[in-house]
Amino acid sequence: MAAKPPAGDPVQDAPEVAAPQHAAAGLPAIGHTLRIAQRQMGVRRTALTLLKVNQKNGFDCPGCAWPEPDKRHKAEFCENGAKAVAEEATLRRVTPEFFTAHPVADLATRSGYWLGQQGRLTHPMYLPEGASSYEPVTWERAFDIIAEELRALADPDEAVFYTSGRTSNEAAFLYQLFAREFGTNNLPDCSNMCHESSGSALTETLGVGKGSVLLDDLHKADLIIVAGQNPGTNHPRMLSALERAKAGGAKIISINPLPEAGLERFKNPQTARGLVGGGTALTDLFLQIRLGGDQALFRALNRLILEAADTTPGAVDEEFVREHTHGFEEFAAAARAADWDETLRATGLTRTEIDQALRMVLASRRTIVCWAMGLTQHKHSVPTIREVVNFLLLRGNVGRTGAGVCPVRGHSNVQGDRTMGIFERPAPEFLDALEREFGFAPPREHGLDVVRAIRALRDGEAKVFFAMGGNFVAASPDTEVTEAAMRRARLTVHVSTKLNRSHAVTGARALILPTLGRTERDVQGGGEQFVTVEDSMGMVHASRGRLEPASPGLLSEPAIVCRLARRVLGEESRTPWEEFEKDYGTIRDRIAAVIPGFEDFNAKVSRPGGFALPHAPRDSRSFPTATGKANFTAAPVEYPTAPEGRLLLQTLRSHDQYNTTIYGLDDRYRGIKNGRRVVLVHPEDARELGLADGSYADLISEWTDGSERRAPGFRVVHYPTARGCAASYYPETNVLVPLDATADTSNTPASKSVVVRLEPGDPA
């Protein structure tokens, strides 16, 4: 018999299941948005707050990083963005009394959903060594505790400074500056767990580790390929851009193991057609690929393009290839050798489907490929994305209006954090600029990424863990190993707006430092401040909170970093930390002096809508690579396989979820209600495995080193996923991914191709 969850924490392993939906948004999205917002904020606060989301004089949504158009709707937000705003602008509060009633042992039994629903943190809280509960602490004492532990380290590299994507440009720049002045490049961030594979592949092939398109390019494309991405849940405002592209004549190919409602049909809640009509059919061709088969698919398309060029002039943009690329001959030889039996086995597609895609590719002069975690979280993710670049280079689709690479970032400023220097492997040019501007010698040795940081904590080589936002424990792989590693730390510190699982998995001592959210006014000694963010397409703009802070005891992220730096670094630091805290404009002046593209930062960002950062491949077809050109690459085709009786599992989000934040227990578009412990399995696979719809199974991952991981108690849902593939939500399934199961080159956890067997079980 399964144990009941703690009081107030709902059961999550007995969902109601209905047929999946075939359209996204519409009236149900509006109704769901308003219900959640009003429950958290009340009617008046909901209206005042949501009308400021993503407006030029408002605040940037704390959810995804999708860019805003220049001309904006009064309701420039999506359902999931509204959920993110509601949880931040909630009227619920977590006071010191809450921690008295809920010791750490109790918090550790709670679900992430329950923790997040408790509300905003109001006071700094401290867990002394050996104590059972957090207790209130002054800011001064909190900074003293951190300084004591940092100064006691034998080496600065025994500290780890993690960052989440919601951190502003100003806070991120200060944070990396402090860490490097302290003496370490241990700056892992959430990019290590998502788009690191994209950055690695794009830097090597194009010279810039970011996407090359702007929002207007999508509107002007002839063909948009959406691979390994679910915009309807993860980036819903992207559906509006796809709808506009369709109105302009674009075709859309969707490549995914799961049919996704948003890519089938979009009912735009901002139009009459979307509210009361049939909406817009988006996908022209759905390629239901096997997990991890994308490299093989793009390799096959590249072979077919080359073969078409043998008889059809213009199939390959020969002038572009000749003038702007390197490595074509080696690539072409590998592409022409693509094996059809292997391609069909890897992809699960038919030759007819691939030929249909080819016809659409050859009919398009302007092609964009968009992708997300479905491409980046495999062992062979980097060569997969390099093959996507090959595909675009062949027809000159880089540096052309309406064409290019479009990795769709997740969290709202995860790309900006990296631009500001949050990176464990900084470029020498960046460190040189820091040294010139601030007069200290930054460390040159590479630091720790997320996976290596967990190993260092596990092995006792790192002793202090400081997180600027995020939910590190729930976001990381190999849950048991990660939690044990965190508990070995001398001190864990989390700068947070709300409770999450990481606050219950602590070092010997722990601190929770509550901070302002995006929605809140930030008043410092120099008056009211604003911060800036960079969206998924390299646009930088201001964000101004309007609400009164959830508590008078909150500090902003820049203020927290500045006060910590003054306490730790003392009088030896020549950096004007006090000045930075008072006036964020002074931070932007120094960013302008260090980071290319930010010259005259304060003036540029004062323009409504902000400004675009330079991107050499897009702007001038120049490529800052080792060869000085865009690089074709040739790598062996790889794809995951599963032995007989096993399936390939991908971890994914539900619709009531953003990263590790759980807003609710439904996945409306997939027909799941009131539960999260489900595994989606093709009906024929389930029958072959003897798994009835509604039965329960334990998921056991199997790895080449002979190790196994178990996640118990998942309800089996018969679902139209690709044959041989299954899907289940994270963070519940993070336990299945070993720490050492990572992508080559990028070291990103390989969470999208996990070999599992399903054993009959009971509800967890």
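Analyst: Happy to; here is how a few labels follow from their cut-offs. This is a predicted model, in which local features need pLDDT of at least 70 and side-chain atom pairs count only at pLDDT 80 or more, while totals for chains, interfaces and linings use all residues. Residues are numbered from 1 along each chain as its sequence is written, and side-chain values use heavy atoms, with hydrogens and water left out.

User: Why is Asn734 called buried?

Analyst: Buried means under 20% relative accessible area, exposed over 50%, and partly exposed in between (1.4 Å probe, protein chains only). Asn734 has 6% relative accessibility, so it counts as buried.

User: What does Asn734 touch?

Analyst: Contact means heavy atoms within 4.5 Å. Leaving aside residues up to four places away in sequence, Asn734 touches Ala474, Ala475, Ser476, Pro477, Asp478 and Thr479.

User: What makes the pair formed by the Asn734 side chain and the backbone oxygen of Ser476 a polar contact?

Analyst: A polar contact is a pair of N or O atoms within 3.5 Å; within protein, one must be able to donate a hydrogen and the other to accept it, and residues adjacent in sequence count only if both atoms are side-chain atoms. Here a polar atom of the Asn734 side chain lies 3.3 Å from the backbone oxygen of Ser476, so the distance is within 3.5 Å.

User: Where is Asn734 found?

Analyst: Asn734 is in the loop between strand 32 (725-729) and strand 33 (754-760). Strands here are DSSP runs of E, at least two residues, numbered from the N terminus. Pro731 lies in the loop between strand 32 and strand 33, and the peptide bond from Tyr730 to Pro731 is cis, with omega near 10°.

User: Why is Asn674 called partly exposed?

Analyst: Its relative accessible area is 35%, so Asn674 falls between the 20% and 50% limits. Asn674 sits in the loop between strand 28 (672-673) and strand 29 (678-681).

User: How do you know that strand 30 and strand 31 pair?

Analyst: Two strands pair if DSSP finds at least two bridges between them. Strand 30 (residues 696-702) and strand 31 (residues 708-718) have six bridges, in the antiparallel sense, so they qualify.

Conventions:
Helices (H or I, at least four residues) and strands (E, at least two) are DSSP runs, numbered from the N terminus.
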